Amino acid sequence: MAGDQFQISQLAVPAVSVLICFLAYTSQYFFLHFEPAPLQVDEVWRINIFALCIWVCYYRTCFVDPGRLPSDKKHEDLNAEKDHARGRRQRWCRRCEAYKPPRAHHCKTCKRCIPKMDHHCPWTANCVSHFTFPHFMRFLFYAVVGMSYLEKRLFKRVAIVWDSRDLPSYLGPSVGQLIHLFILFVLNSVTVFGLFVLLLRVVYSLSLNTTTIESWEIERHATLVRRARALGGYLDGPGGMKVRIMHQEFPYDIGILTNIKEGMGGSWNIIGWFWPFAATPDRRTGWEFEENGFENAGVSWPPPDPDRIPMPDLDTLNYNIATYASAREEVDAFHRRQEADFSRRRPFSQIQKRQKFHERYQGEHHKVEDGDEPVYGDSDEGEEGWRNSEGENLGNYGVDIEAEFYDEDEDDVPLAVLINRRKQNQ
């Protein structure tokens with residue numbers, strides 16, 4: 001493609017399609033010509049029915065639109081005002097220049113906010129979201145069931161070959177057949193094992209009504225709670241402030257069966273959960289979700305995080321001049337706190353905020369020489385670089401990290417001002 005750098009990820013969908021074709025159709029060709037155990041009629045229709053279900057679900061997982069912010073601005077503004085009325089934090093996507101609804105995240109690949117984003121799947125080149133999750137779940141289910149059936153058929157042929165290993169070679173399958181059988185068996189075994197583990201993980205998340213991103217947030221919150229407990233319930237925030245960290249329940253776990261119903265499109269039709277041609281969830285849904293009510297109405301998810309809080313402006317701080325010998329000492333103390341905060345943030349946020357700092361304060365007291373490069377601490381510190389027990393940060397799930405961690409920088413700006421600003425930029 002002219003002007004675009006070719007990415008290996010663009011081969012993912014063709015590669016998966018080739019894998020499905022190889023396992024589903026060349027296996028039947030092998031069975032057809034394998035004399036000790038030729039292809040049976042029941043094997044033909046079962047393999048092909050499973051293959052058809054896999055194709056339909058995989059196609060829909062890849063090509064169904066994962067969702068986008070509603071074009072109806074009145075609907076958007078109404079939801080934002082609901083959050084404001086409940087006393088909740090108002091999340092504002094600086095990429096979309098729009099209100100970010102609960103459970104939505106900005107995908108760095110799709111370039112927009114995705115409703116109930118689970119992750120951006122490289123093997124489908126699409127986001128797993130409120131609208132595509134049911135198709136993704138059915139694809140995994142039929143892939144595991146279909147490949148498990150094929151595994152049983154392959155194992156039968158492998159056992160026959162093993163039992164006849166002492167016979168003369170001309171009485172057994174050819175070398176080409178042996179190689180074909182070996183590749184089929186190994187490739188199918190490895191793939192079905194990996195997909196089975198993934199299916200178990202997805203079913204577990206579905207039963208708790210959590211996305212992959214929210215599981216990361218839950219683990220991050222638990223880490224902060226343990227850290228705060230050892231420090232008297234508070235953690236250091238930007239500008240020397242103290243942030244109260246308390247345990248907060250995940251609000252969207254509303255019971256196993258109801259969780260499954262909500263995740264599979266909002267219907268109690270259990271047959272529809274497994275039907276490959278089931279309808280995509282209504283496009284009017286995905287922006288509001290039922291909550292369990294364990295927390296107060298003003299509590300929102302994700303919980304407060306010191307590394308998510310924006311750096312305070314000098315103009316907005318309320319100084320207590322009496323605690324310092326002079327106003328200059330207080331300003332210098334503020335600068336030192338900012339410098340300490342810079343040292344623990346990742347490069348993209350550091351560079352942006354450091355440049356803003358220099359533009360605002362450089363002069364006789366904070367002069368920056370041309371060519372000077374700011375020195376920062378470990379770029380893997382802070383929420384942006386924090387990794388869970390599996391060694392993953394949010395960037396591994398396709399989230400636009402910069403947009404995600406600074407979606408609350410403008411919490412103190414009235415909602416009407418943010419909306420008007422968005423309209424002016426259109």
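Student: Why does Lys-261 count as buried?

Tutor: This is a predicted model, and in it Lys-261 has 12% relative accessibility. The cut-off for buried is under 20%, so Lys-261 counts as buried.

Student: What makes the meeting of Glu-262 and Lys-261 a salt bridge?

Tutor: The N to O distance between their side chains is 2.7 Å. A salt bridge needs a Lys or Arg side-chain nitrogen within 4 Å of a carboxyl oxygen of Asp or Glu, so the pair of Glu-262 and Lys-261 qualifies.

Student: And why is Glu-262 called partly exposed?

Tutor: Glu-262 comes out at 28%.

Student: How many salt bridges does a search of the whole structure find?

Tutor: It finds 12. One of them pairs Arg-95 with Asp-400, with the closest N and O atoms 2.8 Å apart.

Student: What makes that a link between distant parts of the chain?

Tutor: Arg-95 is in the loop between β1 and β2, while Asp-400 is in the loop between α11 and α12, and the two are 305 residues apart.

Student: Are Arg-95 and Asp-400 buried or partly exposed?

Tutor: Arg-95 has a relative accessible area of 41%, so Arg-95 is partly exposed. Asp-400 has 11%, and buried means under 20%, so Asp-400 is buried.

Student: How do you know that Arg-220 forms a salt bridge with Asp-305?

Tutor: Their closest N and O atoms are 2.8 Å apart, and the cut-off is within 4 Å, so the pair passes. Arg-220 sits in helix α6 and Asp-305 in the loop between α8 and α9, 85 residues apart.

Student: Why are Arg-220 and Asp-305 called buried?

Tutor: Arg-220 is at 3% and Asp-305 at 4%. Buried means under 20%, so the word applies to Arg-220 and to Asp-305.

Student: What makes Asn-188 buried?

Tutor: Asn-188 has a relative accessible area of 0%, and with buried set at under 20%, the conclusion is that Asn-188 is buried. Asn-188 is found in helix α5, and among the residues it touches are Leu-23, Leu-150 and Ile-183. A polar atom of the Asn-188 side chain also lies 3.1 Å from the backbone oxygen of Met-147.

Student: Why is Ala-222 called partly exposed?

Tutor: Ala-222, in helix α6, has 32% relative accessibility. That value falls between 20% and 50%, so Ala-222 counts as partly exposed.

Methods:
Residues numbered from 1 in each chain as written. Predicted model: local features only at pLDDT ≥ 70, side-chain atom pairs only at ≥ 80, totals over all residues. Heavy atoms only, no water. Helix = DSSP H or I, 4+ residues; strand = E, 2+ residues; numbered from the N terminus. Buried < 20%, exposed > 50% of the residue type's maximum accessible area, 1.4 Å probe, protein only. Polar contact = N/O pair within 3.5 Å; in protein donor to acceptor, adjacent residues only side chain to side chain. Contact = heavy atoms within 4.5 Å. Lists of a residue's contacts leave out its neighbours within four places in sequence.
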